[in-house]
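Open the model in your viewer and follow the stops below. Each one gives a selection and what to look for there.

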Amino acid sequence: MLTKKQWEACLEEFGKMFPDAHCELVHENAFELLVATLLSAQCTDVLVNRVTADLFKKYKTPEDYLAVDIEELQNDIRSIGLYRNKAKNIQALSALLIEEFDGEVPADRDVLTTFPGVGRKTANVVVSNAFGIPAMAVDTHVERVAKRLGMNRWKDTPLMVEEKIMRWTPMERWTDTHHQIIFFGRYHCKAQNPACGECPLLPLCREGKKRMKGIA
């Protein structure tokens, strides 16, 4: 397992490798980010951006999503996985926003997690990127990187990964670190064929050392 000092070295490398890491979901406001992040579950950001390029021209407000039949909204997002359930959740959270929040997305993670289809990861993405509130959203990339490095155990839950990274990372760096780890996992430490041989973290990486032994 990594020590805290080793994790600090990892943070430094993440920053060097991806200093401009950012949220890749295209959005103009908190509501669009909420919808885009909900759509991104079990789906790539590239596909979500392709769909929302037209979706966000057609739907600007929660009222817009409720002004159409569910079948029409489903058709608008049909290329995205789980589109039926996601369409239902978008309309349900739109109704909730109108009824209880005057159509405005609340800047509160715990409140957001009570919304239909919104889990802890989605809520963390929204509060950190839309409202500048420090948060650590753990998606598949963050979880994979943390466990491969030995920051966390393989059996740890996403919440356990989130809590440990937050504990060992300065709060003011949570959001940047979240994006940097995602870029590291998406473009370098990929699920398939990670670039272990050219990775600056190889000397610290539990999984990387095993993989390189297997190649040798």
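Which helices do the buried residues of helix 6 pack against? They pack against helix 2 (30-39), helix 4 (62-66) and helix 5 (70-76). Keep in mind that this is a predicted model.

**Stop 1: helix 6.** Select residues 83-101. Helix 6 has 19 residues. From first C-alpha to last, helix 6 reaches 25 Å, close to the 27 Å expected at 1.5 Å a residue. Now colour its buried positions: Tyr-83, Lys-86, Ala-87, Asn-89, Ile-90, Gln-91, Leu-93, Ser-94, Leu-96 and Leu-97.

**Stop 2: Leu-96.** Stay in helix 6 and centre on Leu-96. Its relative accessible area is 16%, so Leu-96 falls under the 20% cut-off and counts as buried. Show its contacts. Beyond the neighbours within four places in sequence, Leu-96 touches Phe-101, Phe-115 and Pro-116.

**Stop 3: the end of helix 6.** Step on to Asp-102, which follows helix 6. Check its backbone: phi is positive, near 55°.

**Stop 4: helices 9 and 10.** Select residues 140-149 for helix 9 and 158-168 for helix 10. The two pack at an angle of about 70°, with their axes 10 Å apart. Helix 9 and helix 10 are therefore roughly perpendicular. On the helix 9 side, show Val-142, Glu-143, Ala-146 and Lys-147. Helix 10 contributes Pro-158, Val-161 and Ile-165. By type, the residues of this contact are five nonpolar, two charged and no polar.

Key
Residues numbered from 1 in each chain as written. Predicted model: local features only at pLDDT ≥ 70, side-chain atom pairs only at ≥ 80, totals over all residues. Heavy atoms only, no water. Helix = DSSP H or I, 4+ residues; strand = E, 2+ residues; numbered from the N terminus. Buried < 20%, exposed > 50% of the residue type's maximum accessible area, 1.4 Å probe, protein only. Contact = heavy atoms within 4.5 Å. Axes fitted to C-alpha atoms, helices over the stretch in contact; angles between N-to-C directions. Parallel < 35°, antiparallel > 145°, perpendicular 65-115°, else oblique. Nonpolar A, V, L, I, M, F, W, Y, C, P; charged D, E, K, R; others polar. Expected span 1.5 Å × (residues − 1).
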